[in-house]
Amino acid sequence: RLAYIFVSVDDPSDEAEVDAAREKAQRLRNEIASGRDFREVAVAESDASNALEGGDMGWRAEGQLPSLVAPVVPELPVGQPSEVLENNSGFHLVMVMDKRGGEQQQLIQQHRVRHILVRPSEATTDSQAETMIRDLYQQLQNGAS
């Protein structure tokens with residue numbers, strides 16, 4: 001079972017933006033390596049679409065891993081964050097949350113998809129949108145459907 005954190009870069013040609021995103025990803029990795037919960041960091045900091053699910057990517061077969069993380073995941077111990085991985089869209093951290101399958105330890109892909117999008121608009125500021133999504137997340141954590 002994999003979990004994932006993404007720090008996006010909107011303009012890869014902007015060195016300051018790339019450097020800031022790289023520093024943020026490295027800071028998050030250091031916090032996780034020092035004991036901060038990966039899922040908590042994903043919810044609070046990740047730009048990935050699965051952030052509110054703690055970055056959960058589900059069970060994955062080794063052959064079905066995204067190409068960026070495929071070389072890293074097989075050797076990554078359970079519960080240890082990867083080094084910061086980089087591509088044109090930003091910076092990535094992955095963690096193997098659990099393995100199953102006995103001696104062969106194969107990850108099996110499963111899909112569970114939920115999506116709520118709250119965008120800032122003329123009527124909603126960034127802060128209001130963030131507050132709305134955090135309130136929705138808390139309601140879901142408390143059992144609302």
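Buried means under 20% relative accessible area, exposed means over 50%, and partly exposed covers what lies in between. The structure in these views is a predicted model.

**View 1. Glu 17 in helix 1.** Glu 17 is a residue of helix 1. At a relative accessibility of 23%, Glu 17 counts as partly exposed. Setting aside neighbours up to four places away in sequence, Glu 17 is in contact with Val 9, Asp 10 and Asp 11. Gln 128 is 111 residues from Glu 17 along the chain, and the C-alpha atoms of these two residues are separated by 24 Å.

**View 2. The packing of helix 1 and helix 2.** Two packed helices are described by the angle between their axes and by the distance between those axes. Helix 1 covers residues 15-33 and helix 2 covers residues 38-45. They pack at an angle of about 150°, and their axes are 10 Å apart. Angles over 145 degrees count as roughly antiparallel, and helix 1 and helix 2 are therefore roughly antiparallel to each other. Their crossing is right-handed. On the side of helix 1, the contact is made by Lys 24, Arg 27, Leu 28 and Ile 32. Helix 2 contributes Phe 38, Val 41 and Glu 45. Sorted by class, the contact of helix 1 with helix 2 has 4 nonpolar residues, 3 charged residues and no polar residues.

**View 3. The aromatic pair of Tyr 4 and Phe 6.** Ring centres within 6.5 Å make a pair, and the count by this rule is 1 aromatic pair. The ring centres of Tyr 4 and Phe 6 are 6.5 Å apart and the ring planes are at 5°, so the pair is stacked. Tyr 4 is buried, with a relative accessible area of 18%. Phe 6 is also buried, with a relative accessible area of 13%.

View 4. Trp 59 and Gln 138 are 79 residues apart in sequence, and the distance between their C-alpha atoms is 25 Å.

**View 5. Val 69 and its contacts.** Val 69 is found in the loop between strand 2 and strand 3. Its relative accessibility of 4% makes Val 69 count as buried. Leaving out residues up to four places away in sequence, Val 69 touches Leu 85 and Val 94. Val 7 is 62 residues from Val 69 in sequence and 15 Å from it in space, C-alpha to C-alpha.

**View 6. Pro 81 and Ser 82.** Pro 81 is found in the loop between strand 2 and strand 3, and Ser 82 lies in the loop between these strands too. Pro 81 counts as buried at 4% relative accessibility. Ser 82, at 1% relative accessibility, counts as buried. Pro 81 and Asn 30 are 51 residues apart along the chain, and their C-alpha atoms are separated by 8.9 Å.

Methods. Residues are numbered from 1 along each chain as its sequence is written. This is a predicted model: local features need pLDDT of at least 70, side-chain atom pairs count only at pLDDT 80 or more; totals for chains, interfaces and linings use all residues. Side-chain values use heavy atoms; hydrogens and water are left out. Axes are lines fitted to C-alpha atoms, for helices over the stretch in contact, and angles run from 0 to 180 degrees between N-to-C directions. Helices (H or I, at least four residues) and strands (E, at least two) are DSSP runs, numbered from the N terminus. Angles under 35 degrees count as roughly parallel, over 145 as roughly antiparallel, 65 to 115 as roughly perpendicular and the rest as oblique. A crossing is left-handed if the near helix is turned anticlockwise from the far one by less than a right angle, and right-handed if clockwise. Contact means heavy atoms within 4.5 Å. Ala, Val, Leu, Ile, Met, Phe, Trp, Tyr, Cys and Pro count as nonpolar, Asp, Glu, Lys and Arg as charged, and the others, Gly among them, as polar. Rings of Phe, Tyr and Trp (its six-membered ring) pair if their centres lie within 6.5 Å; planes under 30 degrees apart count as stacked, over 60 as edge-to-face and the rest as tilted. Buried means under 20% relative accessible area, exposed over 50%, partly exposed in between (1.4 Å probe, protein chains only).
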